[in-house]
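Student: I have a structure to go through. Can we take it step by step?

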Number of protein chains: 2
Amino acid sequence: MSLLVVGSVAYDGIETPHGKVDRMLGGSSTYIAIAASYFTDVQLVGVIGDDFSPEDIDTFKAHSIDLEGLERLPGKTFYWSGVYSRNMNERTTLTTDLNVFADFDPKLPETYCSTPYAFLGNIHPVLQRKVRSQLTDVRLIGGDTMNFWIEGTPKELSQAIAEWDVILINDQEARELSGEYDLWRAARYTCASGPKKVVIKRGEYGAVLFDASGYFVAPGFLLETVLDPTGAGDSFAGGFMGYLAGEGLSNIDAATESQLRKAMIYGSVMGSFCCEQFGIGRLRTLARSDIEQRFEEFRKLTQF
Amino acid sequence: MSLLVVGSVAYDGIETPHGKVDRMLGGSSTYIAIAASYFTDVQLVGVIGDDFSPEDIDTFKAHSIDLEGLERLPGKTFYWSGVYSRNMNERTTLTTDLNVFADFDPKLPETYCSTPYAFLGNIHPVLQRKVRSQLTDVRLIGGDTMNFWIEGTPKELSQAIAEWDVILINDQEARELSGEYDLWRAARYTCASGPKKVVIKRGEYGAVLFDASGYFVAPGFLLETVLDPTGAGDSFAGGFMGYLAGEGLSNIDAATESQLRKAMIYGSVMGSFCCEQFGIGRLRTLARSDIEQRFEEFRKLTQF
């Protein structure tokens, strides 16, 4: 069953201690869509400029991603560049040229309106609500946000979040959103604001799923070398949502504890692969067997 | 079978966002010894001053800790005080009065020399070696250290570490010791320096066990409120070493993967209890059933 993904499609320039790439396909919805494509059909809603290359279109097509919702406008594609610190635990933005993304106004093709699953990537909460309102038969909806919206548009954001079944945010965002430092309290606050499931991503330390029944910890996979962590959190979201969409759930309450935990691990698997090469370098070349093998490695490294 | 524990016995003054205690029993070997006492017999090697209270002696005795190696000298007991930041992720030392601990020269009572298991807490590596050299029948030896020795006495430290079967250090120490940021590389470097097992503690994020066969991740237990994290890493060490000592292993190679993983979880269990109250407040009042219950909770929060 299809998963609709909305968010940024971009070109990224990234420098890490292991290398530098001046321009490559990036953007949150690119990572989400490609990661999810290993588990389910994906419909991509985004905007690109007239500089967007046919090769990058082909990358999406190679993953059977439906591009009817990918609007092409005159002008340049969103460009972002950043540099990571020696230890990779800090990232400095060098360039943010929103370009055509500045006026992004997501309009769903008619065929997308009945899509059962959706993930609203990190865009203006009013736009997230606009997408949500066009979905007539949605069964399960997840969303992401960032500090910019938490600080800048808190009211609109809380209205958006109230409509989600699952929220996937990182620990700093959870703390800022809730005003609570302890993760457990931050998660409880977030649950009370609407989503029945709260996934808090903790970078190299993995992720935690909270709901009314308790919590589940997915560990971080330890790579010998993290080449480029850009997009790892989005790849997690893609694996998580893609797996749940592929399960054909009728709604969030139909998700079993086992399904939710597997979704957490598939998310972690996709996040770990993402870090192995620059950009989508590794993510785009996976076989399903690679994914299953790493899934089993996760089992081995946590069982006792 | 007995576990010998050597390290500091102290009085601590601690302030966290949740409260303040001016003076209470502390010191690394206090936490290690009490945590380990739930799993095995413990012999404590340390030094106290003439101000050390009978009530605190009784605390050790209540946990059947052998105090023949606890030397009492004229002068005051080691006193340390510190204050935690609002988020508890930073700690500022206010006072370090080494007092009788300044000239600590561990001498093992004759009855301790044949003790099969030992944990060398964070003291001068030359003293760690001195203790090691007095042990005639040791089967499994673990040790800890800190940045102060990594920077100040690297040669002596590497001689000490080369004699250990297991090293338990935190992630920052592992990185400093190895010069490698990636945890996996840091662990491999540390393994090459002697210990067959490397346990890297990551605070609230749990701990990772590395050996030649791979790694195992023990998650951090999420408490609703961390009252005082002081001693959590030492409590982990106590649970880890205490459990292995209680298993009666003939040497480190005799430890099965299952035993090592259980040791990691028992360590995590003891570390989590430690944070629930100030000082040893919670650690001292545990029943074995509390420990087993939390052990099972760890299983529940990681299984998928």
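Student: What is the volume of the second largest pocket?
Tutor: This is a predicted model: local features need pLDDT of at least 70, side-chain atom pairs count only at pLDDT 80 or more, while totals for chains, interfaces and linings use all residues. Residues are numbered from 1 along each chain as its sequence is written, chains are lettered from A and ligands numbered from 1 in the order written, and side-chain values use heavy atoms, leaving out hydrogens and water. A pocket is an open set of points on a 1 Å grid over the protein atoms alone, where a 1.4 Å probe fits, with protein on both sides within 12 Å along at least five of seven lines. Joining points across faces, edges and corners and filling the space with probe spheres, the volume is about 250 Å³.

Student: Which residues lie closest to the centre of the second largest pocket?
Tutor: Lining residues have an atom within 4 Å of a point. Of the 16 here, the closest to the centre are Trp184(A), Ser213(A), Gly214(A), Tyr215(A) and Leu301(B).

Student: Is Thr16(A) buried or exposed?
Tutor: Buried means under 20% relative accessible area, exposed over 50%, partly exposed in between (1.4 Å probe, protein chains only). Thr16(A) has 6% relative accessibility, so it counts as buried.

Student: Which residues is Thr16(A) in contact with, leaving aside neighbours within four places in sequence?
Tutor: Contact means heavy atoms within 4.5 Å. A polar atom of the Thr16(A) side chain lies 2.8 Å from the backbone oxygen of Leu227(A). The contacts are Tyr84(A), Met88(A), Leu227(A), Asp228(A) and Phe278(A).

How values were computed
Polar contact = N/O pair within 3.5 Å; in protein donor to acceptor, adjacent residues only side chain to side chain.
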